Amino acid sequence: MVPKELLIRLGYNHPMPNKNMTPADVFDFLQIQAISPVEQISRIKRGEWSQTFSYNQAGKAYIIRFGDYDEDYKRDQFAHQFSTTRMPIPRILQIGEAYG
């Protein structure tokens with residue numbers, strides 16, 4: 001199931017392919033950013049350009065991706081306008097710098 005909302009954070013200056021992030025790293029990052037507690041962090045995949053994790057916060061499911069290229073996230077953000085019930089494209093809540 002695709003989460004209704006997609007949270008993207010971007011690490012411009014962080015060489016993601018060389019850093020194997022753990023759920024604990026993501027927890028630490030999100031705790032600094034979060035207003036409410038973050039739970040159930042798990043890795044979804046590790047690609048060539050980004051690392052993706054899922055987590056829950058305040059009863060909602062979210063996705064967070066870390067990578068080097070903001071263009072990728074801006075394309076995803078643009079693509080959301082073409083979302084349909086047959087092809088859902090989650091809304092991006094935030095693009096920002098992480099570990100920069």
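Let's start at one spot: alanine 58 has a relative accessibility of 66%, so it counts as exposed. In this briefing, exposed means over 50% relative accessible area, buried means under 20%, and partly exposed is in between (1.4 Å probe, protein chains only). What you're looking at is a predicted model, in which local features need pLDDT of at least 70 and side-chain atom pairs count only at pLDDT 80 or more, while totals for chains, interfaces and linings use all residues. Residues are numbered from 1 along each chain as its sequence is written, and side-chain values use heavy atoms, with hydrogens and water left out.

**The overall layout**

- The protein has two helices and five strands, and from the N terminus they come in the order β-α-β-β-β-α-β.
- These elements are DSSP runs numbered from the N terminus: helices are H or I with at least four residues, and strands are E with at least two.
- Of the 100 residues in the protein, 36% are buried.
- Take the contacts with a separation of 6 or more: 53% of them join residues 24 or more positions apart. A contact here means heavy atoms within 4.5 Å.

**How confident is the prediction?**

- The mean pLDDT of the protein is 78, and 78% of its residues reach 70 or more. This score is the predictor's confidence in each residue, from 0 to 100.
- Among the elements, strand E1 (residues 5–6) has the lowest mean pLDDT, 58, while E3 has the highest, 87.
- A handy reading tip: where pLDDT is low, the predicted coordinates should not be read in detail.

**The nonpolar core**

- The largest nonpolar core has 12 residues, including Met21, Phe53, Phe66 and Ala98. Such a core is a set of buried Ala, Val, Leu, Ile, Met, Phe, Trp, Tyr and Cys residues joined through side-chain atoms within 4.5 Å.
- Helix H1 (23–33), strand E2 (38–46), strand E3 (50–57) and strand E4 (60–67) are the elements that give two or more residues to this core.
- As background, nonpolar side chains tend to be buried together in soluble globular proteins.
- In H1, the buried residues include Val26, Phe29 and Leu30. They cover an arc of only 95° around the axis, so they sit on the same side of H1. That arc is the one made by the directions from the helix axis to the C-beta atoms.
- Leaving aside neighbours within four places in sequence, leucine 30 touches Val38, Ile41, Tyr55 and Ile64.

**Aromatic pairs**

- There are three aromatic pairs in the structure. Rings of Phe, Tyr and Trp (its six-membered ring) pair if their centres lie within 6.5 Å; planes under 30 degrees apart count as stacked, over 60 as edge-to-face and the rest as tilted.
- Tyrosine 55 and tyrosine 62 form a stacked pair, 5.5 Å centre to centre with 20° between the planes. Tyrosine 55 is buried at 2% relative accessible area, and tyrosine 62 is buried at 11%.
- Phenylalanine 78 and phenylalanine 82 have ring centres 5.6 Å apart and planes at 70°, so this pair is edge-to-face. Phenylalanine 78 is exposed at 52%, whereas phenylalanine 82 is partly exposed at 47%.
- Tyrosine 55 belongs to strand E3, and its C-alpha atom is 4.4 Å from that of isoleucine 41, 14 residues away along the chain.

- Aspartate 76 is in helix H2 (residues 70–79) and is partly exposed, with 25% relative accessibility.
- Not counting residues up to four places away in sequence, aspartate 76 touches Arg65, Ile89 and Ile92. Its C-alpha atom is 8.5 Å from that of arginine 91, which is 15 residues away in sequence.
- Glutamine 40 has a positive phi of about 50° although it isn't a glycine. It's in strand E2 and is exposed, at 60% relative accessibility.
- Back to alanine 58: it lies in the loop between E3 and E4, and it has a positive phi near 50° despite not being glycine.
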